[in-house]
Amino acid sequence: MKVKSKLILNAVLAVIAALATAKSVAQPLTLSGTNYAQNFDAMSVSGLPGEWVLYTGASATALGTVVTAFRAGPTNGWSDSAGAFKNFASTYSYEGGTNFVGTESFGIQTNASNRALGLRSTGSFGDPGAAFTLKLADTLGFGHFKLDMDMLLLSVQGREQSWTVDFGVSPDGFSLPTSFTVVSNNFFTASNTTDGGVFGATHATIDFGTLLDNQPGPIWIRIAALSGSSGSGSRPSVGIDNVNLGFTNVEVVVNPPLITTPPQSQTAYVGDNLTLTVANSGTAPFTYQWYKDDFNTPVGNGTSTLLISPVSTADAGNYYVVIANSAGSVTNDPPAAINVETRVPIPTTILALRTNQDLVNWTPNDTTNLYTVTGVVISRANMTTAANASFFIEDTNTLAAIDVFIAGDTTTRPAYGDIMQITGPVGQFNGVLELNLNSANPTHSVANLGPSGLEIAPKLFDFADLNDAPLMETNFEASLVTVQNVTINNGGTGTNFPSGATVTITNQANQTFVLFIDSRLSDIAGQPIPGGLVNVTGYISQFDSSAPFTSGYQLVPTYAGAIVSAPPAPTPVALNIAVAGDQAIVSWDDATGLFKLASGTDVTGITNVVATSSPYTNTISGAAAYFRLVYP
């Protein structure tokens with residue numbers, strides 16, 4: 001039902017993947033001389049120039065997503081409305097020596113040797129967030145940058161799109177930038193009313209002043225549409241051409257590193273993750289080396305972040321980081337003092353965990369402390385992926401139940417009825433309260449105390465209780481329950497149970513509930529759905545991804561034998577009412593114990609169950625009261 005992963009590892013892999021993708025599609029330009037020029041005329045033969053990168057999803061804090069599917073061929077007409085970066089004909093004809101007017105045929109556009117790098121954006125591609133990006137290795141020894149280029153309006157449409165020039169610098173010489181300096185905001189607007197409002201080129205000059213001087217790099221200069229287009233109708237086709245980046249030689253200045261935010265002293269707990277970070281200024285690239293207690297014990301992986309996972313008592317001590325570049329080095333002083341403590345597990349009951357939740361959103365109030373509980377396994381399979389462990393346990397004393405999830409556990413596979421002692425923190429997954437353990441954490445533990453020899457008695461579940469969130473969360477969620485006299489959709493038609501999907505069950509009051517056939521229930525999935533009335537036993541799970549977690553409840557049968565034909569209804573039972581003083585005594589003779597007494601204030605609304613055993617005493621008042629026996 002669930003797949004969990006180590007979030008920190010995923011984050012690291014995501015950064016590595018992003019860097020690998022960016023580096024695979026762009027070769028940073030190494031500056032020389034006094035200018036860089038690009039007219040894009042060779043794209044039809046050589047493709048996108050290697051120093052240019054195309055992005056969608058660009059924002060003020062992110063480069064966005066690299067677009068590798070560039071239409072390099074010359075067969076892209078100005079009026080082509082498909083969302084993509086394209087090789088367009090430019091606005092001037094080398095062949096005719098005149099400016100195009102925008103009505104030239106597709107053939108003339110295709111055969112034009114003067115090309116432009118262009119974009120046609122759509123609501124799902126590049127609007128907002130399209131960016132033409134020039135990547136520089138660095139600007140060390142260069143300054144006074146000025147960007148000249150032609151902005152092309154190639155297909156005039158009703159929507160208006162504004163363009164900005166900004167740049168971002170890698171903070172450490174290898175990471176992607178997370179902030180960008182705006183040089184010219186909305187310097188060009190492509191529309192039918194602004195910047196001429198007609199097909200053609202608008203020359204733009206962007207002066208960087210000293211902003212780009214002596215930057216260590218890599219550097220991304222962006223020509224970007226960061227805000228969404230406005231107006232109505234289609235979006236314009238735009239392009240850039242005749243790009244010239246001019247600069248001069250300046251004295252190379254390398255500033256030594258300076259720590260701006262030192263790593264902080266803190267208390268960590270055995271089994272947790274500990275992260276120390278440092279922030280610094282100066283001229284990249286930098287090297288980082290962490291040390292514990294003295295400068296003879298290096299730790300870490302050479303980045304500005306030190307991760308210790310899981311923490312042990314041996315990790316207590318003083319931590320230093322040495323940051324260096326070609327101009328010098330710096331060390332944090334005083335060191336970051338790490339104190340390591342061990343959490344003492346709190347013995348408790350499953351019911352106590354279930355009642356210690358936020359009563360609005362139904363999330364656990366405490367996800368930090370360790371708790372020890374004991375319960376009997378009520379599930380019959382590993383209810384997660386093979387790389388992890390998940391099973392449900394119920395306290396036979398309080399009849400409360402909970403999911404147990406163990407990340408990275410490939411061996412814990414308790415049998416139905418086993419007594420399990422669990423120590424770990426409380427968590428939640430898609431609304432399901434769970435003991436959330438990690439096999440790599442030495443403070444988390446699972447002990448199988450052997451078979452209980454018990455056949456767990458399921459609770460009788462009424463579909464009407466689905467609307468009572470406190471009752472569902474404290475009494476029914478994760479518990480073993482039985483629903484009686486229900487029909488399963490498609491029952492009797494020869495349709496089989498699905499795998500990893502839901503079917504609907506309907507009770508005699510025409511109320512419905514969701515029956516989830518987990519793909520791991522191999523003896524149910526693929527088998528014929530029975531017709532007629534059936535009884536189903538399973539545990540109550542939940543699939544609700546947003547707060548408040550009060551919906552998405554599901555009944556999960558545990559094995560094929562949990563779905564059986566319902567026995568015939570018992571012989572009707574007589575209801576007797578006697579009066580003693582101001583008391584009405586309602587009684588019935590039910591040897592089966594299956595009938596319940598319901599009452600209401602009118603004859604059509606007798607739904608409120610007031611007693612499950614005979615007799616029941618009701619004080620006589622002025623209001624009318626109606627009673628009936630209900631089954632089940």
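**Buried positions, cores and salt bridges in the predicted model**

Asn441 counts as buried because its relative accessibility is 6%, under the 20% limit. The model described here is predicted. Asn441 is found in the loop that runs between β31 (432–438) and β32 (445–451). Apart from its neighbours within four places in sequence, Asn441 is in contact with Val270, Gly271 and Asp272.

Asp272, one of these contacts, also takes part in a salt bridge: its side chain meets that of Arg343 at 2.8 Å, N to O. Asp272 lies in the loop between β16 (266–269) and β17 (274–277), and Arg343 in the loop between β24 (336–341) and β25 (346–347), so the pair ties together parts that are 71 residues apart in sequence. The two partners are classed by their accessibility. Asp272 counts as partly exposed, at 24%, whereas Arg343 is buried, with a relative accessible area of 15%.

The count of salt bridges comes to 9. Side chains of opposite charge can pair when their charged atoms come close. Another of these pairs is Asp80 with Lys86, at 3.2 Å, N to O. Asp80 is partly exposed, with a relative accessible area of 23%, while Lys86 is buried, at 0%. A further salt bridge is formed by Asp293 and Lys292, whose closest N and O atoms are 2.8 Å apart. Here Asp293 is partly exposed, with a relative accessible area of 41%, and Lys292 counts as buried at 15%. Salt bridges that share partners join Arg71, Asp80 and Lys86 into one network.

The largest nonpolar core has 42 residues, and those with the most contacts inside it are Trp52, Phe132, Trp163, Phe187 and Ile223. Strand β9 (residues 142–155) gives the most to this core, with 6 residues. Not counting residues up to four places away in sequence, Phe132 touches a set of residues that includes Trp52, Leu54, Leu117, Trp163 and Ile223. A second, separate core of 37 residues includes Ile378, Leu466, Met472 and Ile505.

Leu54 and Leu117, among the residues touched by Phe132, are also touched by Leu48, as is Phe70, with residues up to four places away in sequence again left out. Leu48 lies in the loop between α2 (43–46) and β2 (52–56) and counts as partly exposed, at 24% relative accessibility. Leu48 and Ala72 are 24 residues apart in sequence, but 6.8 Å apart in space, C-alpha to C-alpha.

Met472, listed in the second core, belongs to helix α5 (residues 469–476), where the buried residues are Ala469, Met472, Glu473 and Phe476. These residues cover an arc of only 125 degrees around the axis, which puts them on the same side of α5. An α-helix has 3.6 residues a turn, so residues three or four places apart point the same way. The elements that cover the buried residues of α5 include α4 (350–355), β33 (459–460), β34 (480–488), β37 (534–542) and β38 (553–557). Just after α5, Ala478 takes a positive phi of about 75 degrees.

An open sheet of 3 strands has the order β40-β41-β44, with antiparallel pairing. β40 (575–580) and β44 (616–619) stand at the edges; each has a single partner strand, so one side of each is left without a neighbour in the sheet. From one strand to the next, the twist averages 25 degrees. The antiparallel pairing of β40 with β41 (residues 583–588) extends over 6 bridges, and Ala578 stands opposite Ile585 in β41.

Terms used
Residues numbered from 1 in each chain as written. Predicted model: local features only at pLDDT ≥ 70, side-chain atom pairs only at ≥ 80, totals over all residues. Heavy atoms only, no water. Buried < 20%, exposed > 50% of the residue type's maximum accessible area, 1.4 Å probe, protein only. Helix = DSSP H or I, 4+ residues; strand = E, 2+ residues; numbered from the N terminus. Arc of directions from axis to C-beta. Contact = heavy atoms within 4.5 Å. Pairing = 2+ DSSP bridges. Axes fitted to C-alpha atoms, helices over the stretch in contact; angles between N-to-C directions. Core = buried A, V, L, I, M, F, W, Y, C linked by side-chain atoms within 4.5 Å. Salt bridge = Lys/Arg side-chain N within 4 Å of Asp/Glu carboxyl O.
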